[in-house]
Amino acid sequence: EDDDTSDYYDIKIPSSSSSSTSYDSFGDPIGTFLEGLASCTGRRGMRSSLKFLFKLCSSSSKNKSVNARTLIELGYRLSLAAAFLTVVVNDKDKDKAPTPMIDAFLPEETEDSKIMMESLVNSLLECAKKQREQYGAGAGGGFGGSYDFAPSTTSSPSDVREDGTMMVTEQEFLEWAETTAPMLGSALPTFLHRIFFPYNKQFPPGLTPLLLPNLAEPPKPYKKGKKKDKNCTNDDDDDDVDEKEARISQFFDTPIRQSYSSLGIFALSITSPKIASGGSWFRLYSSEADGLSTNRLINSVMGYSGPTLLVVQDKSSQGLFGAFTSHPWEKESGEFYGNSDCFLYRLCGDSMGVYRPKGTGTTNYMYCNPESRSKGYDELAHGLGFGGTSDRPRLYIDEVLDECVALEEDLTFENGPLLSGSPSGQDRHQQKGRFDVEAMEIWAVGGDEVIENALNARYEKRLEDIKRIKKAMKGAKGQYLEDLQSGLTGNKMFAHRDQMRGQAEGKCAEEDDDSDEEEN
């Protein structure tokens with residue numbers, strides 16, 4: 001009977017005084033149901049799904065704003081539920097027990113996850129603040145007056161403040177999701193698709209699913225100095241495994257192995273469809289396991305042909321930031337390469353930020369220039385970089401880790417801070433952007449099939465490099481033998497003997513002359 005509520009949920013409720021019981025008296029309930037189903041399953045586009053997600057978080061149609069934390073937590077929980085259903089179906093197809101450990105799909109409740117949630121919430125609130133400053137306080141759903149957008153300091157999901165600090169309107173939420181978290185709109189459609197079509201692995205053409213990945217279990221290392229028996233398995237030697245070295249990730253590891261509940265992985269997955277493609281992430285490099293070395297990091301990615309995700313931790317603030325690229329690390333060069341899928345991000349510390357290409361024509365996406373390529377004579381930055389210029393990239397991992405830089409602006413990517421604690425808008429001459437690396441990881445992402453093909457490509461490149469080195473050594477050896485047979489190399493090699501012999505003979509001759517003079 002509440003017309004406002006009926007319009008809000010797109011449901012036509014007949015008046016109680018209506019005496020007709022014909023199908024037409026209800027309007028078209030089946031059509032209304034199907035239209036609503038199409039909206040929340042992604043058939044009407046991601047914007048329609050985001051609007052439906054917003055409605056689910058509102059208590060009534062009269063509330064034009066909802067709690068920012070509630071929106072993000074709903075998307076997070078829906079993605080975990082979809083991941084659980086996906087694993088159940090996949091295990092049943094493989095004749096496995098269709099009951100995976102439920103703890104691996106429960107929302108993460110750790111101190112790191114609280115910090116990550118605050119970063120996501122603050123990102124949404126900052127976006128809402130910018131919109132209100134740009135369009136006025138009453139824009140997008142009608143708040144009046146001024147509002148305090150101080151960063152959230154509470155971890156309670158039910159903290160709805162009367163002054164509107166934690167509240168955002170539908171338009172503000174849509175703006176943030178479409179720029180920072182475009183895959184968040186796929187959380188509800190992916191979940192419903194798994195509900196209605198559990199054994200249909202193909203998603204509708206217009207829907208890009210949000211499939212949370214997990215972390216691939218690396219081989220368990222053995223203690224240094226301990227000889228490994230070729231007949232020994234990893235399971236037989238658990239007591240000899242170093243706890244830190246056995247950890248999958250320093251940043252995303254959870255108490256449960258093969259867990260999907262990492263809030264950090266969820267935050268990264270909603271930024272790009274190439275990250276939210278399910279399967280398992282494969283660790284290409286970890287400073288904790290492989291040592292803190294830019295050369296080792298470069299060696300781990302060179303020749304890898306799939307999407308990669310770089311994660312860096314600043315020693316001062318302990319904040320996480322990095323870069324994503326879907327372009328292969330195909331060469332060492334003093335020039336930039338890559339494509340527009342590349343972006344920079346700040347994951348946690350103050351608030352999450354995603355900085356995509358500006359589209360201004362500048363294409364300085366990714367840069368890999370070790371000093372060994374030019375012996376240091378090119379006068380360019382030596383290391384790994386993204387954005388900026390070849391002598392000063394915006395995000396730059398120095399080869400010797402002495403001059404690492406993370407700047408707030410360049411001509412390729414959108415402006416914004418990468419380091420935590422650096423206020424946005426600070427004068428670029430005052431903000432040096434230098435930092436010390438606490439830890440680094442680089443992950444292969446994009447799905448199991450993509451990762452497998454990319455690892456094979458890296459393996460083939462390494463084989464080609466080995467063959468080229470052997471050929472060069474063989475050629476040098478052959479030339480050496482030819483020179484030796486012709487006497488050229490022999491003359492050069494033994495010339496010092498003749499010189500020494502000559503010096504010795506000359507010295508002896510002088511001594512003989514001196515002795516003759518003394519006798520006389």
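How many bridges pair strand β11 with β12, and in which sense do the two strands pair? The points below start there.

1. **The β11-β12 pair.** Strand β11 (residues 395-398) pairs with β12 in the antiparallel sense, over 2 bridges. Two strands count as paired if DSSP finds at least two bridges between them. Helices (H or I, at least four residues) and strands (E, at least two) are DSSP runs, numbered from the N terminus. Tyr396 stands opposite Val405 in β12. Leu395 has Ala406 of β12 as its bridge partner. The two strands form a hairpin with 6 residues between them. In the turn, Leu401 has a positive phi of about 60°.

2. **Basis of the model.** This is a predicted model: local features need pLDDT of at least 70, side-chain atom pairs count only at pLDDT 80 or more, and totals for chains, interfaces and linings use all residues. Residues are numbered from 1 along each chain as its sequence is written, and side-chain values use heavy atoms, with hydrogens and water left out.

3. **The four-stranded sheet.** β11 and β12 belong to an open sheet of 4 strands, in the order β9-β10-β11-β12, with antiparallel pairing. The edge strands are β9 (366-369) and β12 (405-406), and each pairs on one side only. β10 and β11 pair in the antiparallel sense over 4 bridges. Gly383 has Asp398 in β11 as its bridge partner. From β11, Leu395 and Ile397 point one way and Tyr396 and Asp398 the other way; all are buried. Buried means under 20% relative accessible area, exposed over 50%, and partly exposed in between (1.4 Å probe, protein chains only).

4. **The seven-stranded sheet.** A second topic is the open sheet of 7 strands, in the order β3-β4-β13-β5-β6-β7-β8, with mixed pairing. β3 (214-215) and β8 (353-355) stand at its edges with a single partner strand each, so one side of each is left without a neighbour in the sheet. Strand β7 (residues 343-348) and β8 run antiparallel and are joined by 3 bridges. Arg346 stands opposite Gly353 in β8.

5. Contact means heavy atoms within 4.5 Å. Ser300 lies in helix α11. At 5% relative accessibility, Ser300 counts as buried. Leaving aside residues up to four places away in sequence, Ser300 touches Leu284, Tyr285, Ile442, Arg458 and Arg462.

6. **Nonpolar cores.** A nonpolar core is a set of buried Ala, Val, Leu, Ile, Met, Phe, Trp, Tyr and Cys residues joined through side-chain atoms within 4.5 Å. The largest has 65 residues. Phe173, Trp176, Phe252, Phe266, Trp281 and Leu309 have the most contacts inside it. Domain 1 (30-133 + 159-219 + 249-278) and domain 2 (280-421 + 431-486) both give residues to this core, so it lies between them. The domain bounds come from an automatic or database domain assignment. A second, separate core of 36 residues includes Tyr285, Cys342, Leu419 and Phe435. Phe252 has contacts with Leu215, Trp281 and Trp443, among others.

7. **Cysteines.** How many disulfides are there? The count comes to 0, with a disulfide taken as a pair of cysteine sulfur atoms within 2.5 Å. Cys342 is buried at 1% relative accessibility. Cys404 is also buried, at 1%.

8. **Helix α7.** Helix α7 (residues 187-196) is mostly covered, with 7 of its 10 residues buried. Among them are Leu188, Leu192 and His193. Thr190 is found in this helix and is buried at 0% relative accessibility. Beyond residues up to four places away in sequence, Thr190 touches Ala82, Phe203, Pro209, Leu210 and Leu211. The C-alpha atoms of Thr190 and Ala83 are separated by 9.2 Å, and the two residues are 107 residues apart along the chain.

9. **Whole chain.** The secondary structure comes to 15 helices and 13 strands. Buried residues make up 44% of the 520 residues. Of the contacts with a separation of 6 or more, 66% come from residues 24 or more positions apart.
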